[in-house]
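Dear colleague,

Please find below the structure that I am handing over to you. My findings follow directly after it.

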Amino acid sequence: MATLRLLFPTRTPSARAAAHRAMAKAALFADSSAAVRLKRYNSHMNKARALEAQEVAK
């Protein structure tokens, strides 16, 4: 599976960041405890911020 990702890079960092922002918003409304929702939200937002910073650094 990893080789397919290398051969067919379909998402740009900005698209991946947008996907992580969407997953972060979805995590807030998941059917989980508040602590789990917050942890997932923060995790996805950190990834989105890192991808955006990577895009700006180029």
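Of the 58 residues in the protein chain, buried residues make up 16%. Please note that this is a predicted model. The protein chain exposes about 4700 Å², and carbon and sulfur atoms supply 61% of that area.

As to secondary structure, the protein chain has three helices and zero strands, and along the sequence the pattern reads α-α-α. The notes below concern helices α2 and α3.

Helix α2 covers residues 13-28. Its 16 residues reach 23 Å from the first C-alpha to the last, close to the 22 Å expected at 1.5 Å a residue. Pro13, Ala17, His20, Ala24 and Ala27 are the buried residues of α2. Seen down the axis of α2, these buried residues fall within an arc of 75°, so they line one face of the helix. The cover over them includes α3.

Helix α3 takes in residues 34-57. At 1.5 Å a residue, its 24 residues should span 34 Å, and this agrees with the 34 Å between its end C-alpha atoms. Here the buried residues include His44, Met45, Ala48 and Leu51. What covers the buried residues of α3 includes α2; conversely, α3 is among the elements that cover the buried residues of α2.

Is His44 buried or exposed? With a relative accessible area of 17%, His44 is buried, because the cut-off for that class is under 20%. Leaving aside residues up to four places away in sequence, His44 touches His20, Met23 and Ala24.

Side chains of opposite charge can pair when their charged atoms come close. How many salt bridges does the count come to? The count comes to one salt bridge, in which the side chains of Arg21 and Glu52 meet at 2.2 Å, N to O. Arg21 lies in helix α2 and Glu52 in helix α3, so the pair ties together parts that are 31 residues apart in sequence. Arg21 is partly exposed, with a relative accessible area of 29%, and Glu52 also counts as partly exposed, at 36%.

With kind regards

Key. Residues are numbered from 1 along each chain as its sequence is written. This is a predicted model: local features need pLDDT of at least 70, side-chain atom pairs count only at pLDDT 80 or more; totals for chains, interfaces and linings use all residues. Side-chain values use heavy atoms; hydrogens and water are left out. Helices (H or I, at least four residues) and strands (E, at least two) are DSSP runs, numbered from the N terminus. Buried means under 20% relative accessible area, exposed over 50%, partly exposed in between (1.4 Å probe, protein chains only). Accessible areas come from the Shrake-Rupley method with a 1.4 Å probe; for residues, only the protein chains shown count as cover. Contact means heavy atoms within 4.5 Å. A salt bridge is a side-chain nitrogen of Lys or Arg within 4 Å of a carboxyl oxygen of Asp or Glu. The expected span of a helix is 1.5 Å times one less than its number of residues. The arc is that of the directions from the helix axis to the C-beta atoms.
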